[in-house]
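Here are my notes on the model you sent over, as numbered points. Have the coordinates open while you read.

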Amino acid sequence: SQMRLFKAVVPPLFSIHVEKGRGYCRVENEFQVTLTLTGEETQFVNEAEAQKEQPPTTKWRVLDIEVYIAAIGEDHEGDTHCIPPAQMEHLRHMLEKRMEHATHPLVELYTIMHALCVPLQIEILSTQANSLAKRRGELKVEYTADRGLRIFYWRSLNSTLSFDKGAPADGIYLQIKAAEGGKTLAILHNPPLVDSATNEPIQYDLCPTRLDVGSLLQQAMHYHSRYLLQRLHDLLLQDSAYTGAPGASKIVNSDYNGGHSILSIRLFEAYKLSVSVDCLTGRFTL
């Protein structure tokens, strides 16, 4: 069985360990499936039978499935209570059947398990978001099959306060959805936010084994606050009435403001005006 396992096409993300006739197929932070092969003793009955090029009679058996997707504060390592036992048993039988008829069994295994882990993450984050919205009335949570999970925040902002004229006041949200045909988890934001240093879309920090929608929302608010300050800074520099010297205004991270960004504007001599964004409301504060 070890030779069959090594000869199989292995997905790039798989980490495989073989011990005592068992193969441990693991994807970091997602799952581990324990496999073995049965019926191998009938594969080589005699040389004449082997030359007939009949398909091997070995079958893949799924001995154990461990799913590591979990909310922060939960420990699912070696456990699967995030999936009901009846569904787990159905999954085990489905894996065996699909692998038996697949040209590349391990690729089929990865495809099925990864397709399970992506919506499972969305489900956990959706549960967290709904719980958070009950405690914070300014949040609104929506979930649809095509748009995925959307978390609306800063809803009290009037559209006239937005730099994007005509934008609806309820148009600020964090979006979490399946992408690339369900292969990946995409985290998007409206309006789109980019890293000012690289001009690339913001990358959010999310660990599948410690899912925390509150942390994601805080990251979105932090990046959005910096985006608003950058827009204000750009408008200030374009205003002919502003006579500040080069470098008189800049965006910095403030220790006293909880580590959030502030726009520091030198008015005259040693006097400065500090502008920040309230992360709970999205409003400018001085």
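This is a predicted model: local features need pLDDT of at least 70, side-chain atom pairs count only at pLDDT 80 or more; totals for chains, interfaces and linings use all residues.

1. Helix α3 covers residues 85–100 and helix α4 residues 105–135; the two pack at an angle of about 145°, and their axes lie 9 Å apart.

2. Who touches whom here? From α3 come L91, M94, L95, R98 and M99, and they meet P105, L106, E108, L109, I112, M113 and L116 of α4. By type, the residues of this contact are ten nonpolar and two charged, with no polar ones.

3. Now the core. The largest nonpolar core has 61 residues, and the members touching the most others are L35, I65, L106, L109 and M113. Helix α4 supplies the largest share of this core, with 13 residues.

4. M113 deserves a click. Setting aside neighbours within four places in sequence, M113 contacts F31, V33, I65, V67, L91 and L95.

5. Finally, the whole chain. The protein chain has five helices and twelve strands, and 37% of its 286 residues are buried. Among contacts with a separation of 6 or more, 50% join residues 24 or more positions apart. As for the surface, the chain exposes about 16900 Å², of which carbon and sulfur atoms supply 52%.

Terms used:
Residues are numbered from 1 along each chain as its sequence is written. Side-chain values use heavy atoms; hydrogens and water are left out. Axes are lines fitted to C-alpha atoms, for helices over the stretch in contact, and angles run from 0 to 180 degrees between N-to-C directions. Helices (H or I, at least four residues) and strands (E, at least two) are DSSP runs, numbered from the N terminus. Contact means heavy atoms within 4.5 Å. Ala, Val, Leu, Ile, Met, Phe, Trp, Tyr, Cys and Pro count as nonpolar, Asp, Glu, Lys and Arg as charged, and the others, Gly among them, as polar. Buried means under 20% relative accessible area, exposed over 50%, partly exposed in between (1.4 Å probe, protein chains only). Accessible areas come from the Shrake-Rupley method with a 1.4 Å probe; for residues, only the protein chains shown count as cover. A nonpolar core is a set of buried Ala, Val, Leu, Ile, Met, Phe, Trp, Tyr and Cys residues joined through side-chain atoms within 4.5 Å.
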